[in-house]
Each structure stands twice: as C-alpha cells, then as structure tokens.
Amino acid sequence: AHASLVEVLKGKFSVGSEVVVKGWVRTRRDSKAGISFIALHDGSCFDTLQAVVPNNLDNYENEVLKLTTGCSVAITGEVVESPAKGQDFELNATAVEVMGWVEDPDTYPMAAKRHTIEYLREHAHLRPRTNVMGAVTRVRSCLSQAIHRFFHEQGYNWIATPIITASDCEGAGEMFRVSTLDMENLPRTDKGTVDYDKDFFGKEAFLTVSGQLNAETYACAMSKVYTFGPTFRAENSNTSRHLAEFWMVEPEVAFADLDDAAKLAEDMLKYVFKAVLAERADDLAFFDQRISKGTIERLQKLADADFVQIDYTDAIEILEKCGKKFEYPVSWGIDMSSEHERYLAEEHFDAPVIVKNYPKDIKAFYMRLNDDGKTVAAMDVLAPGIGEIIGGAQREERLDVLDARIAEMEDQDPADYSWYRDLRRYGTVPHAGFGLGFERLVAYVTGMGNVRDVIAFPRSPRNAEY
Ligand code: 4AD
Ligand code: MG
C-alpha cells in the first residue's frame, strides 16, 4: 500500500525507510546538477512533499523531464531529512511511474500560478487541486465532523429529514417544485391550465427549505435530535451569502426554551472553533496569510469570548442612535439587512451577537408568541464579518395559538399541517432549536468571502453546471 503525504511529512516513517507515494505534480524544478525536484500533493495536508529525482533513473530524460503541473505519478523513494526550510522530510526517489499525463500543459486550467477565485469557480471540477480549495475542503470536512462529534457527545440522535416534502417550513414561497409530470402530456385543470398540483405522482411536492418541522416530530419523542443535510431555496439572490442549495445543521430539543437554544448555539460554535484550531492549523495558517489576515487570532478569540445577547428592540435602538447612515432606514419592525447585522456584530460589539425576540410579523408561523403579543421567541446569531449564520426559535407548543398563526398566513391550508398540529394535541412540550447555515460557517472560519467558494459545486441562479 502507498503512504499518504501527510504520513511522510509528519514522520510516520523513520529516516531510511522506503515508501511509495501517489499524487499530482504541483511543480517541477530541474537543477543544473542533473536532479529534479517534484512537489507533490495528494490532498492529505496543506504542504506538498518534495521528491528529489536523480538523472540516473531510466525514464529521467523521456518522462521525468516532461512532467508538468497536474500529472499523476507514483514515486518510490527513501525518506530522508529535508535540508529545505519548512519541511522535516523529503523523498529521494528511486522510481517515478507516470500514471496520467496532462494532455496539453499549455491549456491545463490549473497551471501553477495564481488564479482569481472567480476563474476557479468556472472550473469547479479541477479547483480542488489548488492550495486554496484543498484547504477549504479539509476545513469543511473537519467542521462537519466536529459538529457530528459535538452532538454525539451530548447524546443527540442524528436523523435524516426528507429532501422531498409538501411543507414550506419558512412560509416564504421559495420552494423548488419536484415534478414527475410528462411534459408532452400535462394534466389540465377544469379551466384548461396546467395542473401543477398534480406534480409529484398526482400531488404537489417540493425540495425542502429546512428539516425543522420533521425534526420537531422526532424531538417530541427522542428529546434531542439534529439534522445535517442539504436544503434548497429558490430565491433569486446573487449575493455572497446565498446559495440555491446549501447545507443546514438543525438541532431540535424538547423541554427547552429560547435561552437553552441560544446556549446550545454558543456552545456548538465554540466547540467547532476549538476543533478546527486544533486539527487544521496548517490550513488556517494559509488562510491567515493569504486570504484573510488575523483568521487564527479571530477564531481563538471567538472560541473563548462570551457571545453578546440582546433583544431585537434594544438592537433597533442601538442602530437608530448610532448616527450611521444605513442604506435601509431603521425602525422597529424591520427585518434587519446585512449592513445592520454587520454593524452590530462588527462595529458596535465586535463579537458574535445573539439577537432575540423579533417582531412576529417578520418571522415564521411556528415561533412561539411572547406574552407581549407583538414579538416571538426567535433568535438570530450574527457573526462579525458575515452577519446571520444561525436562525432559531422556541416553537409554538400551544395548539390554539399555533392555529391562529397558521390562519394568519396567506394561501396556507391548516389541513396540510395536520401532522404538525398533532404534536400539540398529543403530549405537547416546550421545545426549541435552530438552523446553522453550514456554508456561512465555513466562509466565516476560513475568511473566504463567498459561500460559493466553500461548497464543492455551488448552485446559484447563475450556476447549476455539472
Ligand atoms: O433563518 P433560516 O431561514 O431558518 C430556518 O430555516 C429554520 N427552519 C431553522 C431552524 O430553526 N431549524 O435559515 C437558517 C440559516 C440562516 O441563518 C443562514 O445561515 C442559512 O440557514 N441560510 C442560507 N445559507 C446559504 N444560502 C441561503 N440561501 C440561505 N438561507 C438561509
Ligand atoms: Mg433567518
């Protein structure tokens, strides 16, 4: 079996042992003395492994000297201490087997030079070969593992909520239709228009915008559950914070209120910040130097800092009194825009801020009505540099109040919520939860400015390739 590069670089093999490594050529450099230096990457760590290739190999002239960025190779060699700075070990190659040539090096899209992030996005299938996307991929994976570990250690069950659903959790009408209709032979209504209500084997169905409602059913039986999966929003927003397909982490907890949800959000975020600091120091050092200065210090500060908690009403007052001219005017009742959110988290508090108790009219029907009759037990976690990364709430567990909220919504049929109402009819309990936008978390941790660059194949109004 071959060794991964991280194993060699971290000293798993003693000096003098023979190993085989496999990967892709990042660069080749030839010295006058008749040796070549090949920097190899295989995704296992940020650093490349240097292989020193002597000119006495059989295929030196014919093959080694023709290797270009992107070629795949298997290199056999002896592990030696590296005289070069920044790496402890390198390989003295005794054989280089070329596995795959780059057909046309001049047009290889990932040539070893700096590319713009927009350019990389247009080559999403090859961009993981770059430093930056390799680092993003490892950090993303580390963060998802840490999230699963956090909930597992706290006794949560991970549940799979459906991708195809009939319910619009957020009530925002941003659902993608799922259709099995025969386009040649569309069903018609009495009026002759296409009957899209018959979309999915005769019923209506959509891609889910959130697993929350389904997670609630399991919380009201298993007490502590979470979902972590893809969610979809058909909103036509071309911003650095919105994707048409994104991943959401949604814990849901029975016998819990808004404060419990806020504490859970803070504990979870701190846990994952610590995990990524401990496990991906190499990648974070790169982000710190090349993508966003101060990344590591910022994460360290966040891992220890107390999050600020503030009522929506007080947050609005801060925004009104701060004297700053915002693009969107501030008054009680507005749905804060990202400039408002960022002002609070970045300029005013310089810390993550949990805003609680929002006006009911700007929030979803399932949020618990407060005693003032005007606000609901909602919370958003705002992070400096990005704005909202988490949205959550205590859920309305009182059937009569819930029914009144459903009745207030336009074009909603309470019958569609019968299963959701049942949770309030049979052994209802206070419960709460939240949704973390996973790409926003990864963008935040890495300092990458755009959620499109922290998911392998971004889906947005302008991009649904592959
Ligand atoms: O605030 P949202 O819409 O809340 C919900 O969906 C709740 N049902 C969650 C719950 O309580 N279980 O979305 C939650 C988070 C946002 O805070 C944001 O981070 C992210 O999901 N998000 C998006 N991320 C990327 N692209 C989009 N289009 C997003 N829409 C929301
Ligand atoms: Mg929200």
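Predicted model: local features only at pLDDT ≥ 70, side-chain atom pairs only at ≥ 80, totals over all residues.
Reader: Is glutamate 122 buried or exposed?
Author: Relative accessible area, computed with a 1.4 Å probe on protein chains only, is called buried under 20%, exposed over 50% and partly exposed in between. The value for glutamate 122 is 56%, so this residue is exposed.

Reader: How far apart in space are glutamate 122 and proline 458?
Author: In sequence, 336 residues separate glutamate 122 from proline 458. In space, from C-alpha to C-alpha, the distance between the two is 10 Å.

Reader: How many of the residues of the chain count as buried?
Author: The chain holds 12 helices and 15 strands, and its C-alpha atoms fill a box of roughly 85 × 60 × 45 Å along the principal axes. Among its 466 residues, the share that counts as buried is 52%.

Reader: How many residues of helix H12 (residues 438-446) are buried?
Author: The buried residues of H12 include Phe438, Arg440, Tyr444 and Thr446. Glycine 447, with a positive phi near 80°, follows H12. Helix H12 is mostly covered, and of its nine residues the number buried is nine.

Reader: Which residues come nearest to ligand 1?
Author: A residue is near a molecule if one of its heavy atoms lies within 4 Å of it. There are 23 residues around ligand 1, and those that come nearest are Glu170, Gln212, Arg233, Glu250 and Glu388.

Reader: How much of the area of ligand 1 does the protein bury?
Author: For a polar contact, two N or O atoms must be within 3.5 Å. A nitrogen atom of ligand 1 is 2.9 Å from a polar backbone atom of leucine 243, and an oxygen atom of the ligand is 3.3 Å from a polar backbone atom of glycine 391. A nitrogen atom of ligand 1 also lies 3.3 Å from a polar backbone atom of phenylalanine 434. Taken alone the ligand exposes 620 Å² (Shrake-Rupley method, 1.4 Å probe), and the share buried by the protein is 93%.

Reader: Which element gives the largest share of the shell around ligand 1?
Author: Two or more residues of the shell around ligand 1 come from each of S10, strand S14 (387-394) and strand S15 (431-437). The largest share is five residues, given by S14.

Reader: Is phenylalanine 255 buried or exposed?
Author: Most residues other than glycine have a negative phi. Phenylalanine 255, however, has a positive phi near 60°. This residue lies in the loop between strand S10 (245-254) and helix H5 (258-279). Its relative accessible area is 60%, which means that phenylalanine 255 is exposed.

Reader: Is asparagine 357 buried or exposed?
Author: The phi of asparagine 357 is positive, near 60°. The residue is placed in strand S12 (residues 353-359). Its relative accessible area is 17%, so asparagine 357 is buried.

Reader: How far is the nearest cysteine sulfur from that of cysteine 45?
Author: A disulfide is counted when two cysteine sulfur atoms are within 2.5 Å, and a search of the whole structure finds zero of them. Cysteine 45 is in no disulfide, and the nearest cysteine sulfur belongs to cysteine 142, at 14 Å.

Reader: What is the relative accessible area of cysteine 45?
Author: Cysteine 71, at 0% relative accessibility, counts as buried. Cysteine 45 is buried too, with a relative accessible area of 11%.

Reader: What distance separates the C-alpha atoms of serine 223 and valine 253?
Author: Serine 223 is in the loop between helix H4 (212-222) and strand S9 (224-232). With a relative accessible area of 28%, serine 223 is partly exposed. Along the chain, serine 223 and valine 253 are 30 residues apart, but their C-alpha atoms are separated by 5.6 Å.

Terms used
Residues numbered from 1 in each chain as written. Chains lettered and ligands numbered in written order. Heavy atoms only, no water. Helix = DSSP H or I, 4+ residues; strand = E, 2+ residues; numbered from the N terminus. Polar contact = N/O pair within 3.5 Å; in protein donor to acceptor, adjacent residues only side chain to side chain.
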